[in-house]
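Hi,

Here is the structure I promised to pass on.

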Amino acid sequence: MREFQASHHSPAELGFISSYRPPNQPQDYDATLDTAIFNAHESFFLLAYRYALEHMIKLRVIIKARGSRAEIDNEINYFETLVGSTRHLEFCSTPRGSLQATEWGNYFAMLSSDLLMCGHSTLGFEAVSAGKKVLFGSSAKLDFLKRLGIDDYFQHLPQELKMMEESTNEFRSKISTLRSMPDHQYLALTENTPVRRHPNNADGGSSRMVRDFLSETLSKT
């Protein structure tokens, strides 16, 4: 957070956190669930892209591939092929080993985006913790979160941050609500979420925060 001013990313109105994985990469779940994850990710991206086109907004896609330039290009090609265009798309990625490589590249891209969309990415939850507006898409599919084993992650999130059904109208309604919501109202809305809000004052670093949080929690048990 203290290094945010060093970010080379310009502000963006909309950001999509990619969860793409190439077909030849070993998967974490059975084949049926892997297919469901892929389809959910693809459907949510198409909703985001259609919205960006309709409103003439640039959609920033945060690429999470951390390998070679070829791996990143493959992921970018996947999104461009999916929509058949490069219009209104901006890709944020840094190949490992390049002169611009930074461990925090995805965080800089996230922090400089006004509103983020993702399926159920960890980076999305970290964005909520940083006070950024986020819309999660995986909650739209019935029983999908339970199959993934992450339904408790979403249980206490405000409804405004979750897709509750698979429909274009639901997506437009949630996005419009979040975009028009004043920042102070959003912060109040998410104040009591299970995601621990990072304080503005980072004195002592995150390790001290973790120690204090553990001490506080253990003292109640």
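Of the 221 residues in the protein chain, 43% are buried (under 20% relative accessible area; over 50% is exposed and in between is partly exposed, with a 1.4 Å probe and protein chains only). Keep in mind that this is a predicted model, where local features need pLDDT of at least 70, side-chain atom pairs count only at pLDDT 80 or more, and totals for chains, interfaces and linings use all residues. Numbering starts from 1 along each chain as its sequence is written, and side-chain values use heavy atoms, leaving out hydrogens and water.

The chain has nine helices and five strands, taken as DSSP runs numbered from the N terminus (helices: H or I, at least four residues; strands: E, at least two). Their order from the N terminus is β-α-β-α-β-α-β-α-β-α-α-α-α-α. Among contacts (heavy atoms within 4.5 Å) with a separation of 6 or more, 67% are between residues 24 or more positions apart.

Now to the helix pair I looked at. H1 (residues 31-54) packs on H7 (residues 168-180) at about 60°, and the axes are 11 Å apart. Those axes are lines fitted to C-alpha atoms over the stretch in contact, with angles from 0 to 180 degrees between N-to-C directions. H1 and H7 are therefore oblique to each other (under 35 degrees is roughly parallel, over 145 roughly antiparallel, 65 to 115 roughly perpendicular, and the rest oblique). On the H1 side, Phe-44, Leu-47, Ala-48, Arg-50, Tyr-51 and Glu-54 meet Thr-168, Phe-171, Arg-172, Ile-175, Ser-176 and Arg-179 of H7.

What about the aromatics? The whole structure holds 15 aromatic pairs, meaning Phe, Tyr or Trp rings (for Trp, the six-membered one) with centres within 6.5 Å; planes under 30 degrees apart are stacked, over 60 edge-to-face, and the rest tilted. One of them, Phe-45 with Tyr-49, is stacked, at 6.3 Å centre to centre and 20° between the planes. Both residues sit in H1, four residues apart, about one turn of the helix. Phe-45 is buried at 0% relative accessibility, and Tyr-49 is buried at 5%.

Tyr-51 and Phe-171 make an edge-to-face pair, with ring centres 6.1 Å apart and planes at 75°. This one links distant parts of the chain, since Tyr-51 is in H1 and Phe-171 is in H7, 120 residues apart. Both Tyr-51 and Phe-171 are buried. Phe-44, Phe-45, Tyr-49, Tyr-51 and Phe-171 are among the members of one aromatic cluster, which also includes Phe-16 and Tyr-20.

Cheers
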